[in-house]
Amino acid sequence: MTVVNSSSRVIYVDNAATTRLDEDALALMFDLQKNFFANPSSAYKISRPLKKILQESREKIAACINAEPQEIIFTSGGTESDNWAIKSAVLSYLNERPNIITSAIEHKAILNSCAAMEKVGCTVTKLPVDKFGEVNPADLQRKILPQTKIISVMLANNEIGTIQPVKSLAEIAHAEGKIFHTDAVQAIGHIPVDVKLLGADMLSASAHKFNGPKGVGFLYVRDGLKISPYIDGGAQEFSIRAGTENVPAIAAMALAFEKNCRDMNQTAKKISTCAKVLLECLKSNGVDFIVNGGENRLPGHLSLSFRDCEGETLLHRLDLKNIYIATGSACNSRQTQISHVLQALKVPEDYIRGTIRITFGKENSCDDAKTIGKHLIKILQPCQNQQFLIR
Ligand code: PLP
């Protein structure tokens, strides 16, 4: 995103933390908030358009991921969807000491849901990852227990962008008669997602990661899979997720999702080029760094570890130039400790602290990439004790 305001030019490259709300989605939200205030569950005629909007939003989202409309359950976002998937799979089996299998590099929404279930008697198995952040399906095959109730492995990682072999993992889970969930919060709207091809039984998504509003998302639940309600109350969302629906946000999410899916190839090409330009700029100037996460990553997603420097320092120095990046995942941004993801990857000691995340979005340009490169080189020169050629 490049914003020009009265005083400064801003380069926002933290799209894995959140994205800018799509203009059309914003206009739709505003119109619905203003003109369609009725409760969609009421019986009178001013509620009918709201019921219709809910149904159409479900259909739009389902069409984008090859699901059926009734398989889409609206939630408050990725964290709720993840909590719901994990907890609903084990809560009815607590007396059997159920087991949950996940990976070592999941988002805290999964890891802390698992930790909460551990406190009430579940066991949790965390699959390791290789140096690129990939789970080996053979490890899953070895770790499945008779008591395993759910296997949850993310589709793409929020820190390093690595895309997991979810299709193979789901096949293994199903061959053993287990439920498979994937946290697709970072992937959805950015890479093609077909729930039937992936074979996921449940899938979590969050609107603000694909240019929709914050505080809304969905959980895909495969037809035939019975899950218990996570929020008890009224009969909304097929009686499994109570609470008056946030129709303006849901409609805006569906619109933003549809637009992102429509423009996906074009956006991926553009932001991959931005990432390439930045990497070239750093390499050709002799900067000493590692790209984390292997080749099979989300487009435009860079986790870079620079030798002998602090990611925090880079973030603050770039902030002074109105360039917005992250050091790890957004939820970790107030903690200085090294993230569990980088630890699992075993990033070398002299690089790990100098890790930053740059995630390009559809509003970025190659000029943004060049500007970031130039500033990084200037900042890094004294840290790495080298004379870089700034081109
Ligand atoms: N899962 C992943 C992989 C994420 O990146 C995030 C947010 O950063 C979440 C879950 C939580 O989503 P939300 O912010 O919608 O609660």
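**Figure 1. Phe-218, a buried ring in a predicted model.** With a relative accessibility of 0%, Phe-218 counts as buried (under 20% relative accessible area, 1.4 Å probe, protein chains only). This is a predicted model, where local features need pLDDT of at least 70, side-chain atom pairs count only at pLDDT 80 or more, and totals for chains, interfaces and linings use all residues. Residues are numbered from 1 along each chain as its sequence is written, and side-chain values use heavy atoms, leaving out hydrogens and water.

Figure 2. A search of the whole structure turns up 3 aromatic pairs (ring centres of Phe, Tyr or Trp, the latter by its six-membered ring, within 6.5 Å; planes under 30 degrees apart are stacked, over 60 edge-to-face, the rest tilted). Phe-218 and Phe-257 make a tilted one, 6.2 Å centre to centre with 50° between the planes. Phe-218 sits in strand E9 (residues 217-221) and Phe-257 in helix H9 (residues 247-262), so the pair ties together parts 39 residues apart in sequence. Helices (H or I, at least four residues) and strands (E, at least two) are DSSP runs, numbered from the N terminus. Phe-257 is buried too, at 1% relative accessibility.

**Figure 3. Phe-289 and Phe-306, strand to strand.** Here's another tilted pair: Phe-289 and Phe-306, 5.7 Å centre to centre and 35° between the planes. Phe-289 belongs to strand E10 (residues 289-292) and Phe-306 to strand E11 (residues 301-306), so this pair links parts 17 residues apart in sequence. Phe-289 counts as buried at 15% relative accessibility, and Phe-306 is buried at 0%.

Key:
Buried means under 20% relative accessible area, exposed over 50%, partly exposed in between (1.4 Å probe, protein chains only).
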